[in-house]
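Subject: Structure handover

Hello,

Here is the structure you will be taking over. Please open it alongside this email, and then read on for what was found.

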Amino acid sequence: MTDTTDATSTSTTDSGGSADRPPNLLFVCVDCLRGDAIDTGWGKTPFIDSLVADGRSYANLHASATTTTPCVASLMTGQYGEHNGVRSLREARLSPDVTTLAERLHDAGYDTAAMVTGPLVAETDLDRGFDEYRYRENDVSVFDDWAWTAADRLTSLDAPFFCYLHLWELHEPISVPERYDDPEFGRWPYERALSALDAQLERLVDRVPDDTIIALHGDHGESITWRGHPFHALAKRVRDKVRYEFGVDTRSAERALDKLAETVSPVTIADRFIEDGHGETVFDFTANVPLVLSGPDIEAGRETTVCRQVDVFPTLLDVLGIEAETTDIDGESLADPDLVDRDAYVRACGAALRGHENWVRALRTADAKYVEYPDRDWEPELYDLADDPAERSPIDDPERARSLAKRFPTFDAVDGERLDIDERLHALGYR
C-alpha cells in the first residue's frame, strides 16, 4: 500500500543486523548535488569525506537529464526517459510496463520506504513498489525539526529495508542555517548549505544498522556562481525571452558574456554567467553528479571512467546480491572490475525551456561532448574536453561531430503523459 501522508510509521526495528539476510540500502539523493562539489571537497564535509574515503566513488557519472523527475525515473528504472515515459517535469508519468528498483526490492523481501519532496509527487507513479511513499513540502528540511521525523522513520524500518531519501536543501532558494552562514563553511550559500547538510547526514546515518549500504547521489547539478550578481538576473531574462520564446540563437552572445564576466571577476569552477539553476543546459556543471557507495563489502576506490545514471539501478541490485534482468534496461552494472568508458546520453528538458522546441541533447564521452538541438535549425556544438574541460569554446571538426552524432542511442520511444501538476511546479519555482 502507498502512503502519501506524513504520518508516523508503526513498523518495528531490527537494529542489530543479521549475517543470513541481505544488507539494507539507504539511498540519499541530494537534489542539485554537483559532482565537483564532492570530488574536489567543497565546504567542510567531514562525514561525506569519510564516505568517499571508505567507499567507492564514481567521479565521472552523468545524469540522464538535468531536471529532477526524469533523473529520478532513470535511476529508479535503469532506463532513459524515452523508454520509461518520464520525459520532463510535466510529461512525467512512469510507463505502466516498467519495473522499478522499489518493486524489485519489495519482491526480494525488502521493507521499502521513500521520503521525497519537490516534483516527485505520487501522480508520477514513482511511488510504485514502495510500502510507504511520504511526500513533504519543499520548505520542510533536515535543517529543522523534520530531521527527527526522518531519523525516527529510519529506525522504524524492518530489515532488510530500502529507504529512498530525497533532500532539497541545496535547491534554490537556499536557506543556510545561521551557524553555517560564514565564509569558513564555503564561498557561496550552496557550499555553506552543503557543509550544514553534512552534519545532518551523519546524524541520520548513525541511526541505521551497520549492515546498511549507503548510496549518496545527486539527481543533477546546478549553476551557482553568478547568483546575486547585479546584472545576472536581467541578462538571463533578456536571453530567455529572445532564445526560448523567439527562437533566436544566442549562443555566441552568451559565450562573449561569459568571457567578459570572467575578465571582471574570474571564477574557479565551470559555470556560465547567464545560467541559473539547472534544466536548461547539458554542460557538466549540471550533468556530472556524484555516486558514492559505502558499507558492507564495498571495496574502497575512486572510478574516473565515464558512466551514467541509468547504470545506478543494475549496480545497486549487484551490490545487494539480487540478480538483475538486463533485457529491459539501458544501464549496465558498475560493479564490473574492468570498467570501460561508456557513452553518456544527457538531455536538457527543464520547465523553463517552454516547450519541446527548446530541448537539448548531448553525448558525453571521455574526451568530447557533442551537443545538438533536435527541434531548432541550429548548428551542433562539439567540445574537446582534453583541451577545454570547462566547455567554453566549441571546436570546428565536422568529421568528429558526425562520428559522435551516430553514437546517440536509438529508441522505440514511448509517449510521455502530461500531468496536471502545474500548480505544484509553480509553487516550487518552476515556470
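Predicted model: local features only at pLDDT ≥ 70, side-chain atom pairs only at ≥ 80, totals over all residues.

Salt bridges

Side chains of opposite charge can pair when their charged atoms come close. In this model the count comes to 43 salt bridges.

Start with Glu280 and Arg239. Their side chains form a salt bridge, at 3.1 Å from N to O. This pair joins distant parts of the chain, 41 residues apart. Arg239 is in helix 8 (residues 232–245). Glu280 is in the loop between helix 9 (251–264) and helix 10 (284–287). Both Glu280 and Arg239 are buried.

Next come Arg243 and Glu254. Their salt bridge spans 2.9 Å, N to O. It also links distant parts of the chain, with Arg243 in helix 8 and Glu254 in helix 9, 11 residues apart. Arg243 has a relative accessibility of 6%, so it counts as buried. Glu254 counts as buried too, because its relative accessibility is 10%.

These two pairs belong to a wider group. Lys236, Arg239, Asp240, Arg243, Glu254, Glu275 and Glu280 are linked in a network of salt bridges.

Asp422 is partly exposed, at 24% relative accessible area. Arg418 is exposed, at 53%.

Buried charges without a partner

Which side chain of opposite charge is nearest to Asp388? The answer is Arg392, 6.0 Å away. Asp388 is buried, yet has no salt bridge. A salt bridge needs the side-chain nitrogen within 4 Å of a carboxyl oxygen. Asp388 sits in the loop between strand 13 (381–384) and helix 12 (398–405). Not counting residues up to four places away in sequence, Asp388 touches Tyr383 and Ser393.

Asp198 is another such case. It lies in helix 7 (residues 189–205). Asp198 is buried and has no salt bridge. Its nearest side chain of opposite charge is Arg203, 8.8 Å away. What does Asp198 contact, leaving aside its neighbours within four places in sequence? The contacts are Lys44, Thr45, Pro46, Phe47 and Ile48.

Charge on the surface

Which residues gather in a patch of negative charge on the surface? They are Asp97, Glu323, Glu325 and Asp328. Take Glu323 from that patch. It lies in the loop between helix 11 (312–319) and strand 10 (344–348). With a relative accessible area of 69%, Glu323 is exposed.

Asp336 is also found in the loop between helix 11 and strand 10. Is Asp336 exposed, partly exposed or buried? It counts as partly exposed, because its relative accessibility is 38%. Asp336 and Asp318 are 18 residues apart along the chain, and their C-alpha atoms are separated by 9.6 Å.

Over to you.

Best wishes

Notes: Residues numbered from 1 in each chain as written. Heavy atoms only, no water. Helix = DSSP H or I, 4+ residues; strand = E, 2+ residues; numbered from the N terminus. Buried < 20%, exposed > 50% of the residue type's maximum accessible area, 1.4 Å probe, protein only. Lys, Arg positive; Asp, Glu negative; His and termini not counted. Contact = heavy atoms within 4.5 Å. Patch = residues over 30% accessible without salt bridge, like charges linked within 9 Å, V, L, I, M, F, W, Y side chains within 5 Å. Areas by Shrake-Rupley, 256 points an atom, 1.4 Å probe, with all protein chains shown as cover. Charge placed at Lys NZ, Arg CZ, Asp CG, Glu CD.
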